[in-house]
Amino acid sequence: MTRASALTLAGPVAVLGLVGLIGSFMTDARAIEFTNALVFAAIVVALYVFVGNSGVLSFGQIGFFIVGAYVAGELTVPADAKQSVLPEVFSVIRDHSVGNAWSLVLAAAIGGLFAFLVGIPLMRLSGLAAGIATFAVLEITQNIVRNWEKIGPGPLTLSTVPETTNLWQATIGAIAVACAAFAYQRSPLGRKLRAAREDPFAAQAAGIDIHRQRLWAFMLSGALSGFAGGLFVHYQGTINVQDVFLDFTFLSLAMLVVGGAGSLWGAVVGALLVSGLDSFLGDSENDAVSWLHVPDGTRMVGVAAVMAVVVVFLPRGLTGGREFSLAWPRRRRRSAGAPT
């Protein structure tokens, strides 16, 4: 990695680390909100890996997030509790348990495998067709998880999941996802996909297989989404597929659009800012803010309004789709004979 690349990556990493550091000085109630923001940063960066680099809108990443969350959650439920929490699941799930770290690895692996399998036919699509097809994947995924009791609790809430995602694990996890996303976008695979995003016909003429490049990005995005799902379920301790289905799909896309879908910096900034706004309005709905009381539903309306304003006045997001570097701007050298 060159010095310039390291300084570009240092921007998102420093912000994520700063959020974790500030959260450590807060009360327990506020620290939970900081943890939530960091988990959402991981979700949005995972979404950015595909959407930002390919330019193809996808609703399917929350499906991979759901898969990762259930994999990590079910495999870490204590064995003596599985008889009551997961009575109908396959024996391979009921009879085996793993630790926190392995559950995150398996969540990422299965999320990536699932994305690879569904991506083989879907990555040939673009535009509206791709959006509809990936939304169909999300709908199918949530229906299978909600109704097939051989792989989970069905319509019931998965509970008794060990709450191992604390503030520091969320910080490290979000930074790890950001580093993976940055490494991909600077790799030959990422550069080829970005070239295909800018001019598909020129990319094909140069010998770039667009389907293959999109598939690699889709698979990596699915793996990172599954990992983020593992962080989330170990942060919440419970999960119900209905609670994360459309709400998380809309919220994660809003975060990416507000920050700027064209850069990792935009994904991080959008996730943290919108998450902060969402938490503030949620507290206001619950009368936790002494000077502001708003009716139920204001949280989602407020996020939607911010997204609409940004799309109208800043189509490329708050960051303009540009990366932020910690490098100091270099002064231009004066040419010989230039006036002093």
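This is a predicted model: local features need pLDDT of at least 70, side-chain atom pairs count only at pLDDT 80 or more; totals for chains, interfaces and linings use all residues.
Residues are numbered from 1 along each chain as its sequence is written, and side-chain values use heavy atoms, with hydrogens and water left out.

**Stop 1: a nonpolar patch**

Select Leu-18, Leu-21, Ile-22, Phe-25, Met-26 and Trp-168, and show them as surface. Together they form a nonpolar patch with about 620 Å² of accessible area. Such areas come from the Shrake-Rupley method with a 1.4 Å probe, and for residues only the protein chains shown count as cover. Patch members have over 30% relative accessible area and no salt bridge; nonpolar side chains (Val, Leu, Ile, Met, Phe, Trp, Tyr) are joined within 5 Å, and like charges within 9 Å.

Helix α1 (residues 3–24) gives the largest share of the patch, three residues. Helices here are DSSP runs (H or I, at least four residues), numbered from the N terminus. Leu-18 is in α1, and it counts as partly exposed because its relative accessibility is 46%; the cut-offs are under 20% for buried, over 50% for exposed and in between for partly exposed (1.4 Å probe, protein chains only).

**Stop 2**

Now pick Ile-175 in helix α8 (residues 167–186). Beyond residues up to four places away in sequence, Ile-175 touches Val-13, Leu-16 and Gly-17, where contact means heavy atoms within 4.5 Å. From Ile-175, draw a C-alpha to C-alpha distance to Gln-236: the two are 20 Å apart in space and 61 residues apart in sequence.

Next, select helix α11, residues 210–236. Its 27 residues reach 38 Å from first C-alpha to last, close to the 39 Å expected, a span defined as 1.5 Å times one less than the number of residues. Is this helix mostly covered or uncovered? Mostly covered: 22 of the 27 residues are buried. Just after α11, Gly-237 takes a positive phi of about 85°.

**Stop 3: Ser-54**

Ser-54 is in helix α2 (residues 28–54). Its relative accessible area is 5%, so Ser-54 is buried. Look for two polar contacts (N or O atoms within 3.5 Å, one able to donate a hydrogen and the other to accept it; residues adjacent in sequence count only if both atoms are side-chain atoms). The Ser-54 side chain reaches the backbone oxygen of Phe-50 at 2.6 Å, and a polar atom of that side chain lies 3.1 Å from the backbone nitrogen of Val-56. Outside four places in sequence, Ser-54 also contacts Leu-193 and Arg-197.

**Stop 4: salt bridges**

The model has six salt bridges, each a side-chain nitrogen of Lys or Arg within 4 Å of a carboxyl oxygen of Asp or Glu. Start with Arg-30 and Glu-33, which meet at 3.0 Å, N to O. They are three residues apart in α2, so about one helical turn separates them.

Finish with Arg-299 and Asp-278, whose closest N and O atoms are 2.8 Å apart. This pair links distant parts of the chain, with Arg-299 in helix α15 (residues 298–313) and Asp-278 in helix α14 (residues 264–285). Arg-299 is partly exposed at 24% relative accessible area, whereas Asp-278 is buried at 10%.

Terms used. Helices (H or I, at least four residues) and strands (E, at least two) are DSSP runs, numbered from the N terminus.
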